[in-house]
Amino acid sequence: MFSSNEPKNDDMAQRVAALHQALHQHAHSYYVLDEPTIPDSEYDKLFAELQSLEETHPELRTSDSPTQRVGGKPMTEFATVRHMMPMLSIRTETDTEASGAESFDARIRKELSLQENDTAVEYVAELKFDGLAMSLRYEKGVLVRAATRGDGEYGEDVTHNIRTIGQIPLKLSENAPEILEVRGEVYMRRDDFEALNERQRSKIAAGIKGEKTFVNPRNAAAGAVRQLDPGIAAQRPLSFFAYGVGEVSTVSWSTHYDLLKTLKNLGFPVAVQVNIAIGATELVAYHQKIGKLRDALPFDIDGVVYKVNSLALQQQLGFVSREPRWAVAHKYPAQEQLTTVLAIEVQVGRTGKLTPVAKLAPVFVGGVTVTNATLHNEDEARRKDVRVGDTVVVRRAGDVIPEVVSVLLEKRQNDAPIFTMPHICPVCDSAAVREEGEADYRCTGGLFCSAQRKQAILHFAQKRAVEVDGLGDKLVEQMVEAGIVRTLPDLYKLGFTALSDLDRMAEKSAQNILIALQNSKQTTLPRFLYGLGIRHVGEATAKALVKHFGKLDTIMDATLEQLTQVADVGPIVALSLRTFFDQTHNREVVEQLRACGVSWTEGEASSSTLLALSGKTFVITGTLPNLGRDELKEMLEAAGAKVAGSVSKKTHYLVAGSDAGSKLDKAHELGVPVLDEAGVLAILNETNVGDDS
């Protein structure tokens with residue numbers, strides 16, 4: 001207990017007491033329950049405030065202050081372990097800019113009484129992992145115990161779970177010290193975390209009780225380590241990095257860098273990003289380098305750590321308040337912050353997907369000010385139960401779209417309404433539907449919805465649809481933003497003046513676009529149908545529909561039962577077609593396109609099952625002497641055949657030209673008949689079916 005004869009300020013004492021209570025509670029939730037209630041950055045702010053108050057008013061510092069301990073109490077379910085050497089925390093440099101490294105170097109030089117012209121200090125710079133600190137005790141080269149940090153002096157015995165981590169050796173080589181305590185971090189890779197959560201979501205969807213998804217990799221790793229059943233821990237993929245030692249019977253190294261090399265030689269994983277840095281300049285360069293690489297790393301970090309390399313200098317520098325003077329953790333801008341949900345709006349993407357978006361009170365996170373965060377879809381919004389007025393944890397990593405991670409339920413207003421997805425598109429008022437097995441709602445407005453305008457035009461104008469040569473992404477964007485094209489028929493109403501007034505549109509270019517539009521009016525029904533952008537209707541399906549029904553009006557009026565009679569058209573595709581053509585505005589667009597002169601030759605209805613090559617599967621590979629692949633594909637499909645992209649046991653013929661490659665080898669291996677161009681033409685001539693698509 002620190003004491004002083006000076007009177008205490010009651011208001012200051014109350015604030016310190018409040019900080020004590022809050023920090024103890026958050027530490028208990030984070031370290032013991034593995035259920036963090038606030039982001040790390042918020043905890044750091046409270047901790048820094050308490051440190052500042054205690055430095056200004058040392059009479060308020062008590063032995064039970066959070067600043068005088070390292071972590072939380074061990075869980076009672078595990079045996080308690082006393083660390084022979086305490087697992088101390090490292091001081092955190094809260095200045096996330098380069099000056100944080102410079103400040104640390106300046107402090108070290110001052111402690112060592114180094115002058116400006118003296119030799120620069122040699123440091124080791126390494127990553128600050130976002131996982132769970134672990135101590136591994138080896139006796140005579142055999143792992144005998146693994147313990148968590150706990151409160152720094154006492155931890156929890158989790159040996160049964162740590163043994164399930166393949167990266168941690170159970171036995172060391174003969175040259176290992178008789179007693180060796182390895183300190184490091186248990187963590188979960190991002191890809192392993194995503195795979196784990198995907199499995200958890202599947203369990204939840206299957207109705208398995210007690211299952212949940214995890215907030216972040218650190219939370220998932222901590223939960224796995226603290227499983228009483230090692231079988232459960234083994235199912236959760238954990239990893240480990242070594243970065244130091246505790247008790248050691250024999251020391252054979254004189255620098256921290258040599259220590260890390262020794263650990264690596266003994267079989268422990270050591271992060272490859274460890275560097276020696278000479279002086280402040282190289283510390284700054286390391287901080288900046290890792291900052292750029294941070295989001296590309298396969299695991300989470302929240303900063304870097306600088307350590308004086310020389311063990312002799314470490315001993316000379318010593319400790320202060322149970323923190324080593326010779327090391328510091330230099331953080332990056334927080335990727336998680338607290339803010340408030342002001343509203344929940346639904347945005348419509350270019351493909352018609354409806355996405356709920358939380359409108360937030362502005363908050364600085366991940367290096368930028370964030371005002372919006374995605375809720376992904378209705379299932380995610382319901383699972384997280386985000387409501388207007390909620391206090392939420394928002395996460396942003398690099399260029400990743402900000403998302404709401406979790407809700408602080410204890411701060412929720414009692415009258416906060418539950419979010420529900422609209423069944424009407426908020427942009428065009430068309431029906432919004434969620435297909436069976438799909439997570440997303442989609443607007444059925446298609447050609448009519450302004451949110452989908454650009455995508456609809458580009459799809460309609462592409463080569464495999466009606467093909468408007470020269471009508472690319474940038475030009476379409478200009479036309480849409482200028483308001484001269486709102487729906488597909490507007491393309492055919494464009495005039496020379498409107499086009500030539502666009503940026504970087506020369507007179508010749510404008511004239512070429514008008515010619516291309518004129519040429520595109522004469523098309524085929526399969527191309528036109530595909531160009532409408534109906535969900536699930538690709539080129540092959542469009543051709544199958546035309547072969548079966550012959551005329552567009554017949555397709556538009558076909559019932560669900562009639563549509564499912566078409567080859568390759570199942571219930572989902574049939575429903576998508578029916579939904580599209582049930583929208584009055586979609587039919588109106590079709591009629592306007594016809595009125596603008598877009599036309600095709602229609603045929604009579606016929607069942608594809610009556611075509612000569614119906615049920616036959618062809619694969620085309622290599623370069624043919626006279627025919628292009630697309631040309632031959634259309635001819636085969638016109639005869640009722642299916643053209644696949646790869647050879648399998650279900651392939652009836654491989655059509656091979658020059659440079660056929662692996663598909664030809666596969667056909668020989670499976671005994672699939674191989675045809676040249678003349679051979680396939682002979683089969684087509686026997687069918688007496690031409691290309692009517």
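Let's start with cysteine 428, which counts as buried because its relative accessibility is 11%, under the 20% cut-off. Keep in mind that this is a predicted model. The closest cysteine sulfur to that of cysteine 428 belongs to cysteine 443, 3.5 Å away. A disulfide needs the two sulfurs within 2.5 Å, so this pair is too far apart for a bond.

Now on to a pair of helices. Helix 17 covers residues 539-549 and helix 22 covers residues 629-638. They pack with their axes 11 Å apart, at an angle of about 40°, so the two helices are oblique to each other. Their crossing is right-handed. On the helix 17 side, the contact is made by Ala540, Lys543 and Lys547, while helix 22 brings in Glu634, Glu637 and Ala638. Sort those residues by class and you get four charged, two nonpolar and no polar ones.

Finally, take a look at the loops. Aspartate 385 sits between helix 11 (378-384) and strand 17 (391-395). It isn't a glycine, yet its phi is positive, about 55°. With 22% relative accessibility, aspartate 385 counts as partly exposed. Glutamate 467 also has a positive phi without being a glycine, with a value near 60°. You'll find glutamate 467 in the loop between helix 12 (453-461) and helix 13 (473-482), where it is partly exposed, at a relative accessible area of 37%.

Methods. Residues are numbered from 1 along each chain as its sequence is written. This is a predicted model: local features need pLDDT of at least 70, side-chain atom pairs count only at pLDDT 80 or more; totals for chains, interfaces and linings use all residues. Side-chain values use heavy atoms; hydrogens and water are left out. Buried means under 20% relative accessible area, exposed over 50%, partly exposed in between (1.4 Å probe, protein chains only). Axes are lines fitted to C-alpha atoms, for helices over the stretch in contact, and angles run from 0 to 180 degrees between N-to-C directions. Helices (H or I, at least four residues) and strands (E, at least two) are DSSP runs, numbered from the N terminus. Angles under 35 degrees count as roughly parallel, over 145 as roughly antiparallel, 65 to 115 as roughly perpendicular and the rest as oblique. A crossing is left-handed if the near helix is turned anticlockwise from the far one by less than a right angle, and right-handed if clockwise. Contact means heavy atoms within 4.5 Å. Ala, Val, Leu, Ile, Met, Phe, Trp, Tyr, Cys and Pro count as nonpolar, Asp, Glu, Lys and Arg as charged, and the others, Gly among them, as polar.
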